[in-house]
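I opened my notebook to look up how one protein chain is put together. Here is what I had on the screen.

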Amino acid sequence: EARKRAAGISARESLYLAALESFHKDGANDRARRQDWLHGLESIVQDFPGDIDARAWLAMVTWQNSMDGIGSRQAVDVVLDTVLQIEPMHPGAHHYRIHLWDGSKAIRAEKSAALYAKTAPGIAHAWHMPGHTYTELKRYADAAFQQEGSARVDHAYMMRDRVMQIGRAS
């Protein structure tokens, strides 16, 4: 559908579209699709080095793909650093860094844990994720604070959008 509407898109947008098309193409095996997505993101970063969102996604996809083989958390962390040097409050980079070090060296994600909810205060998941880091670091009061924040954001959304109406007769 996007390809049908692609007339007049920029070179950068065209690279995104090509990368996403390769990821979503029918019939390709999962490994090939993920490898093509990775290569597409690499092309965007190479041709448009100022695109920090592409860098953040490249870090995430590199880490996800490494779960099938040997990968380097440190190499992915360096890519995330290049994003955070330009945009210290980039929510995706903080999110991916918490996932990256979860279950390994949580201390490496401590700064991202402290900042993530501030980067996206209206997103419950941004409040939830730091709890992973704080629990691993045995900072249980901080983990509980983050989980309470996550619940409050979710409840505010549910009340605002009337997702659940408990106790009301119809």
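My entries below go from the overall fold to helix pairs and then to salt bridges.

**Entry 1: ground rules**

I noted that this is a predicted model, in which local features need pLDDT of at least 70, side-chain atom pairs count only at pLDDT 80 or more, and totals for chains, interfaces and linings use all residues. Residues are numbered from 1 along each chain as its sequence is written, and side-chain values use heavy atoms, with hydrogens and water left out.

**Entry 2: the whole chain**

I looked up the secondary structure. The protein chain has nine helices and zero strands. Along the sequence I read the pattern α-α-α-α-α-α-α-α-α. Helices here are DSSP runs (H or I, at least four residues), strands are runs of E (at least two), and numbering starts at the N terminus.

Then I took the box. The C-alpha atoms fill roughly 50 × 50 × 30 Å along the principal axes.

I checked burial too. Of the 170 residues in the protein chain, 36% count as buried. Buried means under 20% relative accessible area, exposed means over 50%, and partly exposed lies in between (1.4 Å probe, protein chains only).

Next I looked at contacts, meaning heavy atoms within 4.5 Å. Among contacts in the protein chain between residues at least 6 apart in sequence, 46% join residues at least 24 apart.

Two packed helices are described by the angle between their axes and the distance between the axes. Axes are lines fitted to C-alpha atoms, for helices over the stretch in contact, and angles run from 0 to 180 degrees between N-to-C directions.

At what angle do α2 and α3 pack? I found about 150°, with the axes 9 Å apart. The two helices are therefore roughly antiparallel to each other. The cut-offs are under 35 degrees for roughly parallel, over 145 for roughly antiparallel, 65 to 115 for roughly perpendicular, and oblique for the rest.

The crossing of α2 and α3 is left-handed. That is the name when the near helix is turned anticlockwise from the far one by less than a right angle; clockwise gives right-handed.

I listed who touches whom. Residues of α2, including W37, L38 and L41, meet residues of α3, among them W57, L58 and V61. By class, this contact has nine nonpolar, four polar and three charged residues. Ala, Val, Leu, Ile, Met, Phe, Trp, Tyr, Cys and Pro count as nonpolar, Asp, Glu, Lys and Arg as charged, and the others, Gly among them, as polar.

**Entry 3: α4 and α5**

I moved on to α4 (residues 73-86) and α5 (residues 91-101). Their axes come within 10 Å and cross at roughly 165°. That makes α4 roughly antiparallel to α5. This crossing is left-handed.

In α4, residues including V76, L80 and L84 take part, and they meet a set in α5 that includes Y96, L100 and W101. The contact of α4 with α5 has eight nonpolar, two polar and four charged residues.

**Entry 4: R33**

Is R33 buried or exposed? I found R33 buried, with a relative accessible area of 18%. R33 lies in helix α2 (residues 30-47). Leaving aside neighbours within four places in sequence, R33 is in contact with S22, F23, H24, K25 and A28.

**Entry 5: salt bridges**

How many salt bridges does the structure hold? I got 12. Each is a side-chain nitrogen of Lys or Arg within 4 Å of a carboxyl oxygen of Asp or Glu.

I picked D51 and R12, whose side chains meet at 2.8 Å, N to O. D51 lies in the loop between α2 and α3 (52-66) and R12 in helix α1 (residues 11-24), so the pair ties together parts 39 residues apart in sequence. D51 is buried at 7% relative accessibility, whereas R12 is partly exposed at 32%.

R97 and D81 came next, with their closest N and O atoms 2.7 Å apart. R97 is buried at 8%; D81 is partly exposed at 31%.

R139 lies in the loop between α8 (130-136) and α9 (140-160) and E110 in helix α6 (residues 110-119), so the pair ties together parts 29 residues apart in sequence. I also noted one network: salt bridges that share partners join D77, D81, R97 and R108.
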